[in-house]
Amino acid sequence: MKTAWRIISPLLVSAVVGLILWYAVVDLFSFSPYVVKSPSDVWTYLFSSPDAASNRSSVLQPLGTTLGDGAYGFCFGMLGAVLAALAFVTAPAVERAFMPLATLLRSVPLVTMTPLIVLVFGRGVGGIAVIGGIVVFFPALVTIVHGLRSAPPHAVDVVAVYGGGQRSMLTKVALPGALPYLFAAARLSVPSALVGALVTEWLATGRGIGGVVLADIGAFGYLHLWASIIVLTAVSVVLYTLVGAAETVVLSRMGMGGEAA
């Protein structure tokens with residue numbers, strides 16, 4: 001019970017703080033109520049109005065598409081980051097050759113690269129996975145590499161004394177010790193993957209929440225736009241919390257109470 005409360009309490013605090021800030025911004029600044037909607041407006045639209053069921057359906061259907069697109073980017077980016085991190089740690093020459101390219105890839109705006117990626121990989125799963133994976137890849141790579149290189153020196157020495165090679169050091173020391181960093185990378189990658197999905201939908205596929213944003217702006221459907229973005233944000237926070245919960249369970253079972261910052 002105490003563990004569950006420790007997992008849920010940050011979610012509740014985030015929700016309360018977010019609502020307070022939202023109300024404060026709407027009340028303090030003279031925004032047009034036609035464009036800027038309050039929490040009560042969104043609540044009424046989704047739950048209290050006569051068309052609430054239809055409104056929820058119009059939000060949840062594209063949300064499912066965006067979550068699927070985000071999952072492609074998350075899996076592709078995290079897998080690439082793990083493989084690249086292992087290559088960097090085991091072969092420093094690979095890091096010296098590849099890191100400048102990865103840094104360049106990170107520095108180029110995704111909006112600029114998206115048309116080229118779509119041209120090469122198409123508007124299907126391939127293009128979606130590549131665009132989302134680029135957003136996820138670099139932060140996850142840096143975090144995981146740091147975790148793999150944070151293995152306790154005395155543990156590495158023990159493996160060496162017993163005749164273990166680099167593979168044994170990775171599997172018995174570096175990888176288990178890097179689990180908190182791997183989970184930290186996963187937590188950071190959840191919202192990043194959804195941002196990548198939105199960019200992909202906005203600039204390439206025209207579907208999901210990204211497509212809804214374009215359609216609602218063009219049709220002045222600001223209430224539907226706010227509802228869609230708020231629901232996506234809430235789902236992102238919930239997914240972030242679920243990854244944190246999985247981290248707590250796994251690390252506690254392995255006797256690792258701490259986690260990466």
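Biologist: In what order do the elements of the protein run from the N terminus on?

Modeller: In this predicted model, the elements run α-α-α-α-α-α-α-α-α-α-α from the N terminus on, and the protein accordingly has 11 helices and zero strands. Buried residues make up 39% of its 261 residues, and among contacts between residues at least 6 apart in sequence, 73% join residues at least 24 apart.

Biologist: What makes H9 roughly antiparallel to H11?

Modeller: The axes of helix H9 (residues 179-205) and helix H11 (residues 222-253) come within 10 Å and cross at roughly 165°. Angles over 145 degrees count as roughly antiparallel, and therefore H9 is roughly antiparallel to H11. The crossing in which H9 passes H11 is right-handed.

Biologist: Which residues make the contact of H9 with H11, and how do they divide by class?

Modeller: From H9 the contact takes Leu179, Pro180, Phe183, Ala186, Arg187, Val190, Pro191, Leu194 and Leu198, while H11 brings Leu232, Ser236, Leu239, Tyr240, Val243, Gly244, Ala246, Glu247, Val250 and Leu251. By class, there are 15 nonpolar, two polar and two charged residues.

Biologist: Why is H4 called oblique to H6?

Modeller: The axes of helix H4 (residues 92-107) and H6 come within 10 Å and cross at roughly 130°. Since angles over 145 degrees count as roughly antiparallel and those from 65 to 115 as roughly perpendicular, with angles under 35 roughly parallel and the rest oblique, H4 is therefore oblique to H6. This crossing of H4 and H6 is left-handed. On the H4 side the contact is made by Phe98, Met99, Ala102, Thr103, Leu105 and Arg106, and on the H6 side by Ile134, Val135, Phe137, Phe138, Pro139 and Leu141; these residues divide into 10 nonpolar, one polar and one charged.

Biologist: Which residues of the largest nonpolar core touch the most other members, and which element gives the most to this core?

Modeller: Of its 27 residues, Met78, Ala81, Ala85, Phe137, Leu141, Ile144 and Leu148 touch the most other members. Two or more residues come from each of helix H3 (52-90), helix H6 (125-148), helix H8 (166-177), H9 and H11, and H6 gives the most, with eight residues. Leaving aside neighbours within four places in sequence, alanine 81 is in contact with Phe137, Ala140, Leu141 and Ile144. A second, separate core of 14 residues includes Leu46, Leu63, Tyr222 and Ala227.

Biologist: How do you know that alanine 227 counts as buried, and which residues does alanine 227 touch?

Modeller: Buried means under 20% relative accessible area, and because alanine 227 has 0% relative accessibility, this residue counts as buried. Alanine 227 lies in helix H11 and, not counting residues up to four places away in sequence, touches Val42, Tyr45, Leu46 and Val59. Alanine 227 and leucine 46 are 181 residues apart along the chain, and their C-alpha atoms are separated by 7.5 Å.

Biologist: What is the phi of phenylalanine 220 near, and where is the place of phenylalanine 220?

Modeller: Its phi is near 60°, a positive value in a residue other than glycine. Most residues other than glycine have a negative phi. The place of phenylalanine 220 is in the loop between helix H10 (208-219) and H11.

Methods:
Residues are numbered from 1 along each chain as its sequence is written. This is a predicted model: local features need pLDDT of at least 70, side-chain atom pairs count only at pLDDT 80 or more; totals for chains, interfaces and linings use all residues. Side-chain values use heavy atoms; hydrogens and water are left out. Axes are lines fitted to C-alpha atoms, for helices over the stretch in contact, and angles run from 0 to 180 degrees between N-to-C directions. Helices (H or I, at least four residues) and strands (E, at least two) are DSSP runs, numbered from the N terminus. A crossing is left-handed if the near helix is turned anticlockwise from the far one by less than a right angle, and right-handed if clockwise. Contact means heavy atoms within 4.5 Å. Ala, Val, Leu, Ile, Met, Phe, Trp, Tyr, Cys and Pro count as nonpolar, Asp, Glu, Lys and Arg as charged, and the others, Gly among them, as polar. A nonpolar core is a set of buried Ala, Val, Leu, Ile, Met, Phe, Trp, Tyr and Cys residues joined through side-chain atoms within 4.5 Å. Buried means under 20% relative accessible area, exposed over 50%, partly exposed in between (1.4 Å probe, protein chains only).
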